[in-house]
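Have the model open while you read.

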Amino acid sequence: MGSRSRGGRSSGSGLLLLLLSLHLLCLHSSLRCKLSSLTHTHASLLPPCSVSECFGFDCLCAAGSVSAAGGGGSGAPYVGVTIGTAVTNLLSPSDLAEFLRAERITHVRLYDADPRLLSALASSGATAIVGVPNDELLALGSSPATASAWVARRVLPFAAANSRNPGLISAIAVGDEVPTALPSALPVLLPAIQSLATALAAANISSIPVSTPLPFSIVLDPFPPSQAYFNQSLAKSFLVPLLSHLANTSAPLMLNLYPYYALMQSGGVVPVDNAMFKPLPPSLEMVDPNTLLHYTNVFDAMLDAVYVAVKNLNVSSGGVPVLVTETGWPSYGDRKQEPYASRDNANTYNSNLIKHVVTDKPGTPMRPGAQASVYIYELFNEDLRPGPVSEANWGLFHGNGTPVYLLHVNGTDGFLGNDTTDRTFCIAADDADEKAVQAAMDWACGPGRSDCTAIQPGEGCFQPNDVRSHASFAFNTYYQSQGKAGGSCYFQGAGMVTTTDPSHDSCIFLGSKRYSNVTKSDGANSTTTQTSDAKGSAIWRLRTGRENWFLSILRLLLSGMVAVIMTNSNFWT
């Protein structure tokens, strides 16, 4: 897999300019909000997770030399997911293919070109961007013969006209964030891309584009977007020839964009809501002083900065489409160092991102109507990844197929199939005092008559063994038992209502869409898991389907043995 350093983490001196510019833009916005008062009259009436549709301004600058067609080339914009493999007990390729089918995921990005996984994906209905790891660049970039052999071994079996699914491979991503992750390999990156493209053309499959995912940190002075430019040390030697090659081969400019890191590094300048596609009052919107364009979210501002940076290179490319190969938000992190890494924030960002791209399709203020497609980083939590706590918590699902949180994705034709609009849960409030949480849990498990067996040692919800986790289970059990009545999640201020399913691993909370039937047996809770509808956990169906078949046969055999014993033994008389 690539390094996946998620560009933007080390933006250098450009970050200081970014922060100052954002501050000035916000001030500038307050002076100009009267100009757009008619457009924003109803902004405050929008629902909490909607995207403000405030793109009714004339575009005052040139369009530039890049486009934002869906998929980086043509067709409607889409949202895909990346799949990393640093996961404990990663699903088998066949189970993963079934999982993708069940969640209606039709676009994935892989960080290598594993033949076993590609063989399984051929039946999933998904298309895949396959990757060339950074440590293979030297061989491919220095030897066209090696590149031809790589194509013959990794691509032809899945892309040739006589293959099982000729359209399986949608693109090849060569390396990952090479300018920052492995700068020593930069001299061989473009030769590797060119050699692979030549090998594909020789095999009559030149329709598969070849590009390289770049970090956003190569864009300097990105805010306001109208004055952005690329790192000059890369511009002439690498970016100009790269863009020319991409234009000549109809390949997209691949970029990894993370508003999360812009927020983390902003020192409070970037509003949290602005980073998560939430509507802002006009006084808090970013306004580009050169174009007077309003920016309601950081993601669009980052894209427009890229468009301007490409235009400033004066590349006569005829239009290079942009494809966002990574974006996302971590669901958990160090509370002091990564305060914005939470399930609610991750849910909000990714849900609103999907709505922004698939439903609204607004494009950007500079390129209205031209919406770039994106890949969410990532499908599963990669719990084996080293680094900060958040590194292991970017996934939409745990490795066993249960969701980390349930997305709000109405109107997206079942994509990810896990809408939570009508589902609420009660958990311990983040800002509640631990003693108050403990006292409220004691009440819930005592006078409140919540069944708290599942949080006892050895039971399914005992881990993590801390007060807040245990209290959340107890609070939610009481809340659900009261029919989610008003006030039933108060607990003297220790509880809070959330739309994010707090279930994790084998601990399934009441009210979860994934598992619905909790029964009590022999004084201990045992969770009987049933799929509530066709959109339930695919991997749970896969595994329990096989187990239930085995148990049915076992029950028949045991019934026969019991009948024989009852007939022939004096024990029963």
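**Notes on rings and the pocket**

1. Start with a charge over a ring: Arg-367 lies over the face of Tyr-307, at 5.9 Å from the ring centre. The rule here is that CZ of Arg or NZ of Lys is within 6 Å of the ring centre and within 35 degrees of the ring normal.

2. Before going on, some housekeeping. This is a predicted model, in which local features need pLDDT of at least 70 and side-chain atom pairs count only at pLDDT 80 or more, while totals for chains, interfaces and linings use all residues. Residues are numbered from 1 along each chain as its sequence is written, and side-chain values use heavy atoms, with hydrogens and water left out.

3. How many aromatic pairs are there? The count comes to 19, where rings of Phe, Tyr and Trp (its six-membered ring) pair if their centres lie within 6.5 Å, and planes under 30 degrees apart count as stacked, over 60 as edge-to-face and the rest as tilted. Phe-99 and Phe-380 make a tilted pair, 5.6 Å centre to centre with 40 degrees between the planes. Phe-99 sits in helix 2 (residues 93-102) and Phe-380 in the loop between strand 14 (374-376) and strand 15, so the pair ties together parts that are 281 residues apart in sequence. Helices (H or I, at least four residues) and strands (E, at least two) are DSSP runs, numbered from the N terminus. Phe-99 is buried, at 0% relative accessible area; buried means under 20%, exposed over 50%, partly exposed in between (1.4 Å probe, protein chains only). Phe-380 is buried at 1%.

4. Next, look at Tyr-258 and Trp-394: the ring centres are 5.3 Å apart and the planes at 85 degrees, so this pair is edge-to-face. Tyr-258 is in the loop between strand 10 (253-256) and helix 10 (259-264), and Trp-394 in the loop between strand 14 and strand 15, so parts 136 residues apart in sequence are tied together. Tyr-258 is buried at 1% relative accessibility, and Trp-394 is buried at 0%. Both rings belong to a cluster linked by ring pairs, whose members include Tyr-260, Tyr-261, Phe-277 and Trp-329.

5. Finally, the largest pocket holds about 1000 Å³ of space. A pocket is an open set of points on a 1 Å grid over the protein atoms alone, where a 1.4 Å probe fits, with protein on both sides within 12 Å along at least five of seven lines; lining residues have an atom within 4 Å of a point. Of its 36 lining residues, the closest to the centre are Ser-331, Tyr-332, Arg-335, Arg-343 and Ser-469. Helix 15 gives the largest share of the lining, four residues.

Notes. Grid points are joined across faces, edges and corners, and a volume is the space filled by probe spheres set on the points.
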